[in-house]
Structures are given as structure tokens and as C-alpha cells.
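Notebook open, model loaded. Here is what I looked up today, entry by entry, for anyone who wants to follow along on screen.

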Amino acid sequence: MYEWLATFFDAAEILGTVAFAASGAMIAIDRELDMFGVLFLGITAAVGGGISRDLFLGITPPGAFRNSVYVAVAAVTALAVFLFAWLDQRQYTRHHGQMDRAINLLDAIGLGVFGVIGVESSIGMNHGGNMFLCVFTGMITGIGGGILRDVFCSTVPAVLKKRIYAVAVIAGCSIYYGMRRMGMPLPLDMVVGMLVTVVIRLCASRFRWDLPAVHPKAEE
């Protein structure tokens, strides 16, 4: 892999980890969980997708248990959010909206990067001929942590009901996979795949795009 591209994606992956951990921590605080609960949900949101991907691919133990860097980054991020809220709840509440917007941008970047990495993990395991598996592992890498986070909070995962999220990463992963199969330059493949996910996700958030849903209770 090109050295500059590896550096770029390493940095973007760290940013995504920070965003996912912060979002998990903020949701845990909103649910009034204690410090351990905040740390647990923050770490789960950040690395849960990668762990799920590795288990689907038969990689044991999952990478998160062999390389503690991302777990450490997630833990520090979640702890920082908790301490900010615990030491000055008024300021935390006042800046909650600003933090949420910043995290949404980083989250979109992380989603795009994690999706591409998930596809590449399947290709690296010699499953490049199986498009469904490659795109699925890309999707689960991006959204798996958020699903686990919401399940642990006893709520319907947001990815299943609010905004276009999974669809964004599926689109980015599909385009990345197609470009890889056509033999196009790897840097171009990765950047385009990531940007497709990021743009769709940010547009969905900005313009409040939702997929169609049935609301039988509204009819009653």
C-alpha cells in the first residue's frame, strides 16, 4: 500500500474511533449510566464493528484483542467525555449540540474508512470473489459497534430506523469492491469508496433523509 495512503487511513481510523467512542459515551450519559457503563459503551461503539467482522471472517482472537491501540483510544475518549459531563454538567449540556455536530462529521469519516477496511479484510482473507461477503463485512465493520451499543441500552438500533446510515456504507463498499475488481489503482479505489459513504451520510444527516417506513399506530 502507498505510504501516504496508509498514513491517511490510519489517521482517519483514529478519528472514526474517537467519534464512535464519543457518541457511545454521550448516549451512555444520556441513559444515566455510571462511569463503567460510559466506558463500556464507548469502547463497544468504537471497536464492536471490527470485532464482529473478525468473528465473521474466522479471525480469532479479533484484532481489538491483539492490538490495544484502538481500545485505548476509545477508552480515553469515553473517559474524557464522562469527566467533562461529571465535572461541569452545565457546560456539557450547553455544548452538547456542538459536540454532537462535530461527532457526526467524524462519525461519517469513520464510517467510510471502516467500511473500506472491512471490504479489504475480506479480500485479504481470499474472499475477493464473494461480493456479498465483502460488502457485508464492510457494512458490519461500520455499523456493528452502533448496533451493539443500542442493544446494550435496550433500544432499537438507530441504524434500523433513523436516517440513511447502513445504506451509505453499503453504497461506498459496493463501489470500492467494484473498482477493486476492475483493477483500478488502490488509492483511487479507497478514496472514492470512502467519499461515497461520507457524502451520502452527511447529506442524509443534513437533509434528514429517511427510508420509507410503515407507521400503523399513526393510522389508529
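**Entry 1: the nonpolar patch**

I started with helix 4 (residues 69-87), which gives the most to the nonpolar patch, with 4 residues. I take helices as DSSP runs of H or I with at least four residues (strands would be E runs of at least two), numbered from the N terminus. The patch is made by Met 35, Leu 79, Leu 83, Trp 86 and Leu 87, and its area is about 520 Å². For a patch I need residues with over 30% relative accessible area and no salt bridge; nonpolar side chains (Val, Leu, Ile, Met, Phe, Trp, Tyr) are joined within 5 Å and like charges within 9 Å. The areas come from the Shrake-Rupley method with a 1.4 Å probe, and for residues only the protein chains shown count as cover.

I then picked Trp 86, which lies in helix 4. Trp 86 has a relative accessible area of 61%, so I noted it as exposed. My classes are buried for under 20% relative accessible area, exposed for over 50%, and partly exposed in between (1.4 Å probe, protein chains only).

A note on the source: this is a predicted model, so local features need pLDDT of at least 70 and side-chain atom pairs count only at pLDDT 80 or more, while totals for chains, interfaces and linings use all residues. Residues are numbered from 1 along each chain as its sequence is written, and side-chain values use heavy atoms, with hydrogens and water left out.

**Entry 2: the positive patch**

Which residues gather in a patch of positive charge on the surface? I found Arg 31, Lys 161, Lys 162 and Arg 208 there. Lys and Arg count as positive and Asp and Glu as negative, with His and the chain ends not counted. I place each charge at NZ of Lys, CZ of Arg, CG of Asp or CD of Glu. Lys 162 sits in the loop between helix 7 (131-152) and helix 8 (166-181). Lys 162 is exposed, at 51% relative accessibility.

**Entry 3: salt bridges**

How many salt bridges does a search of the whole structure find? My search gave 3. I call a salt bridge a side-chain nitrogen of Lys or Arg within 4 Å of a carboxyl oxygen of Asp or Glu.

Arg 180 and Glu 120 pair through their side chains at 2.9 Å, N to O. Arg 180 is in helix 8 and Glu 120 in helix 6 (residues 96-124), so this pair ties together parts that are 60 residues apart in sequence. Arg 180 is partly exposed at 26% relative accessible area, and Glu 120 is partly exposed at 22%.

Arg 53 bridges to Asp 54, with the closest N and O atoms 3.0 Å apart. I found both Arg 53 and Asp 54 buried.

Arg 149 bridges to Asp 150, with the closest N and O atoms 2.9 Å apart. Arg 149 is buried at 12% relative accessibility, and Asp 150 is buried at 4%.

Next I checked Asp 189, in helix 9 (residues 186-207). Asp 189 is buried yet has no salt bridge; Arg 180, the nearest side chain of opposite charge, is 4.8 Å away. Leaving aside neighbours within four places in sequence, Asp 189 is in contact (heavy atoms within 4.5 Å) with Tyr 176, Met 179, Arg 180 and Met 184.

**Entry 4: along helix 1**

For contacts in this entry and the next, I again left aside neighbours within four places in sequence. Ala 12 lies in helix 1 and is buried at 4% relative accessibility. Ala 12 is in contact with Ile 109 and Val 113.

Ser 23 is also in helix 1, and at 14% relative accessibility it is buried. Ser 23 is in contact with Ile 103 and Arg 149.

Ile 27 belongs to helix 1 (residues 3-30) too. Ile 27 is in contact with Arg 149, Asp 150 and Cys 153.

**Entry 5: Arg 201**

My last stop was Arg 201, in helix 9. Is Arg 201 buried or exposed? Arg 201 is buried, at 9% relative accessibility. Among the residues in contact with Arg 201 are Asn 104, Asp 107, Arg 163 and Tyr 165. I also noted 8.6 Å between the C-alpha atoms of Arg 201 and Val 167, which are 34 residues apart along the chain.
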